Amino acid sequence: MFLTISRTLKAGFQNFYRNGSLSVAAVSILTLSLLIISIIIVLTITANLGLKYIQDKIDIRVYFKSDTEESKMINFRSEILKYKEVKSADIVSKDRALSEFKANNSNKPEILKAIEAVEENPLLASVNIKAVDPEKYDVIANSIENSAYKEDIASINYQQYKLVIDRFNSTIQTIRKTGIFLFILFSLIAILITFNVIRMTIFNHGTEIEIMRLVGASNNYIRLPFVFEGIIYGTVAACIAIILLIPMVKVVTPYIIGSAYVNVVQTGFTTYFVLIFLIQLLLGTLLGVISSLLAIRRYLKI
Amino acid sequence: MIEFINVKKTYGSGNLIATALENINFKIKKEEFVSFVGHSGAGKSTILKLIYAEEKPTSGEILFNGEDISKISSKQLPYHRRRIGTVFQDYKLLPKKTVYENVAFALEVSGYPSREIRESVPQILDIVGLSNKMGSYPHEISGGEQQRAAIARALVHRPALIIADEPTGNLDPISAWGIIQLLLKINKLGTTVVLATHDKDIVNNVKKRVITLDQGRVIRDHSKGRYAI
């Protein structure tokens, strides 16, 4: 058993490097397929990460009229927190709003000057509400508008966000759907092409297989070198694909998407790097092995 | 050792059936040297293929050491093949392996330990007279030498039977006679030899048993036969 495996493993490696051009063809086709598939995976992952990132940024701000007492806002907050759609609610006092405003505009001296010119703090206190699910902001905004506090509320800045949120949600849906479609399509193409290339390399070994059968090699002994060859194809292709993918993600993404988003994509990519490589490795070897097994079948019939 | 009982073999199906062999009966004893002769298409090769189970008979039984190999399973087939050495007109050597590697290959696939391979291969190459060509590739040596290498490969796992299908078909008369003498020597050492040929001179000079085939039937079976059709 050990002898069979060591001998067929050696034969698999020999096949791989002695058939230079065919191996290169098989590996490059496999690499291309893996690359396309992993780009689709990266896109889907980053789309999901982007969704999460923007979900965290989205909130509803309920601004209270400037003469509202703080105790009212505390009551409002505790009432809002009872809604099951609400994840969190924070009170931002006038003073905090001012200091945040100054921090955000620290590089625009004319704005700071204007703020200082006004003696009284012009900003309003607010309660920032985050929802569990971005699709629930509608419900939350509606119930606040109809609550007992509506007399004290100056404004709710939900409507201006609504359009952005909706558009974002539908974009994510589209990316997911096309991602799955492309994934299936390219996987099929990859399987077909890889199968054909490997069939060609095995066809090249026709006489060798015939001789192996004549001298009494068992079917497993004939099959294993090609299985190992398939594994080698898959492993090499996965390694090349991941090496090509790194610069693609690092260099190309900043040109395609906005700079705020790049960080998200790249940290996401680093986190999922191992996962993507494992998927490539698994997919590559599986493709190689299955193609080999299918292609060799007809040579093993009596 | 080998017995054919009412063996029939047809190829194709429906209206296109071609009968290759019909009503074939014969016995080959251990350590015999048997030549099958006949024109192309007489059925020589088919009989040999039935013996090493490359083909299965349409009907009838083929006994090898008493067991019926006409219904051999694909799992058992490799073990059957290891009892037989085969030699062909086109040598069937692996072009990318040296003479030594080609012979060793037969042992490797059968799972022989490496130490035994290192001992047996030079011995057998010595018997066929190729000790000095061990490291050569098939395209670097003559046809006669290639056929000797093929015989070495067929012999190296010490089979009880050697099947030679037109082994001299591609060779000049002198190399051909060398190959036949090698087969006779192997036979003398105790291996059964089954030879298919249409070379008249060879058959007449060997003076061993000859089974003559014509259009898929045995028409003559003489123990000290001559080539006569």
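## The largest nonpolar core

In this predicted model, the largest nonpolar core has 74 residues, and Val103(B), Ala152(B), Ile162(B), Ile163(B), Leu183(B) and Val194(B) touch the most other members. A nonpolar core here is a set of buried Ala, Val, Leu, Ile, Met, Phe, Trp, Tyr and Cys residues joined through C-beta atoms within 7 Å. Buried is meant as 20 or more other C-beta atoms within 10 Å of a residue's own, exposed as 12 or fewer, and partly exposed as in between, with C-beta atoms placed from the backbone. Helix α3 of chain B, residues 99-109, gives the most to this core, with eight residues. (Helices are DSSP runs of H or I with at least four residues, strands are runs of E with at least two, and both are numbered from the N terminus.)

Which residues is Val103(B) in contact with, leaving aside its neighbours within four places in sequence? They are Val121(B), Ile124(B), Leu125(B), Ala149(B), Ala152(B), Arg153(B) and Val156(B); a contact means C-beta atoms, placed from the backbone, within 7 Å.

## Chain B as a whole

Chain B is built with seven helices and 10 strands. Of its 229 residues, 45% are buried. Take the contacts in chain B between residues at least 6 apart in sequence: 66% of them join residues at least 24 apart.

Helix α1 of chain B, residues 44-51, is mostly covered, with seven of its eight residues buried. Those buried residues are Lys44(B), Ser45(B), Thr46(B), Ile47(B), Leu48(B), Leu50(B) and Ile51(B). Just after this helix, Ala53(B) takes a positive phi of about 60°.

## Where the two chains meet

The contact draws 16 residues from chain A and 16 residues from chain B. On the chain A side, α1 (2-18), α8 (206-214) and α9 (219-256) each supply at least two residues. Of the elements, α8(A) gives the most to that side, with five residues. By class, the side of chain A that touches chain B has eight nonpolar, five polar and three charged residues. (Ala, Val, Leu, Ile, Met, Phe, Trp, Tyr, Cys and Pro count as nonpolar, Asp, Glu, Lys and Arg as charged, and the others, Gly among them, as polar.)

Ala217(A) sits in the loop between α8 and α9 of chain A. Why does Ala217(A) count as buried? Because it has 24 C-beta neighbours inside 10 Å. Leaving aside neighbours within four places in sequence, Ala217(A) is in contact with Met212(A) and Ile222(A), and also with Pro78(B) and Val109(B).

With 17 residues, α1(A) reaches 24 Å from its first C-alpha to its last, close to the 24 Å expected at 1.5 Å a residue; the expected span is 1.5 Å times one less than the number of residues. Thr8(A), Ala11(A), Asn15(A) and Phe16(A) are buried in this helix. They lie on the same side of α1(A) because they cover an arc of only 140° around the axis, taken from the directions from the helix axis to the C-beta atoms. The face turned away from that buried side carries the exposed residues Phe2(A), Leu3(A), Ser6(A), Tyr17(A) and Arg18(A).

## Confidence and numbering

Chain B averages a pLDDT of 91, and 100% of the residues score at least 70; pLDDT is the predictor's confidence in each residue, from 0 to 100. Within chain B, confidence is lowest in helix α7 (residues 200-206), at a mean of 88, and highest in strand β7 (residues 161-165), at 95. For the complex, the predictor gives an ipTM of 0.81 and a pTM of 0.69.

Residues are numbered from 1 along each chain as its sequence is written, while chains are lettered from A and ligands numbered from 1 in the order in which they are written. As the model is predicted, local features need pLDDT of at least 70 and side-chain atom pairs count only at pLDDT 80 or more, whereas totals for chains, interfaces and linings use all residues.

Key:
Two residues are in contact if their C-beta atoms, placed from the backbone, lie within 7 Å.
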